[in-house]
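Work through the exercises below with the sequence and the predicted model at hand. Each task is followed by its solution in steps.

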Amino acid sequence: MANLRSKGIISFTVIHNDFKLKKRTILKECITSFIHSSGFALQTISFVFCNDEYLAQINKKYLNHNTFTDIVTFDYKENKETLSGDIIISIDRVIENAKKFKVSFNNELYRVISHGILHLMGNSDHSKSERVDMRAKEDDALKFYDKLT
């Protein structure tokens, strides 16, 4: 069983000039609670918040996809119980998706953060049934962000 008492490291880097990430300490606590309650330990997760163009370059260079996306996750974990990786999020896509799905920016941001963490936990979203399952898990994860509202 993973050592759930290990706090691990969560870092945030903002390279999108107009975006200010608020309540970083509380957000780290929420993310850590979500990870531990799911039965995983946290090693290191780096979140990078950027614009569409930056993420499109990453998507093309490393995944050979020539499309805009809201998130790209790179998994570096060494075992199945401990999470480690980079999660790169386009703030432009979060804004657009919040409008599209008629939810607040923060709701969509926390959903996308959870989506990346779920990928690190081994969840996939390639098939329709996997996407439905992922969405349900994102909905469950949103309860961990109550402290931020």
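**Exercise 1.** Determine the strand order of the open sheet and which strands are its edges.

Step 1. The four strands of the open sheet run in the order β1-β2-β4-β3, with mixed pairing; strands are DSSP runs of E with at least two residues, helices runs of H or I with at least four, both numbered from the N terminus, and two strands pair if DSSP finds at least two bridges between them.
Step 2. β1 and β3 (71-75) each pair on one side only and are the edge strands.
Step 3. From one strand to the next, the twist averages 10°, where axes are lines fitted to C-alpha atoms (for helices over the stretch in contact) and angles between N-to-C directions run from 0 to 180 degrees.

Residues are numbered from 1 along each chain as its sequence is written. In this predicted model, local features need pLDDT of at least 70 and side-chain atom pairs count only at pLDDT 80 or more, while totals for chains, interfaces and linings use all residues; side-chain values use heavy atoms, without hydrogens and water.

**Exercise 2.** Describe how β2 pairs with β4 and what packs on the sheet.

Step 1. β2 (residues 41-50) and β4 (residues 82-90) are parallel, with nine bridges.
Step 2. L42 has L83 in β4 as its bridge partner.
Step 3. Helix α2 (residues 52-63) packs on the sheet and touches β2, β3 and β4, contact meaning heavy atoms within 4.5 Å. The direction of α2 makes about 45° with that of β3.

**Exercise 3.** Locate K102 and state whether K102 is buried or exposed.

Step 1. K102 lies in the loop between α3 (91-101) and α4 (105-120).
Step 2. Its relative accessibility is 76%, so K102 counts as exposed (over 50%; buried is under 20%, partly exposed in between, with a 1.4 Å probe and protein chains only).
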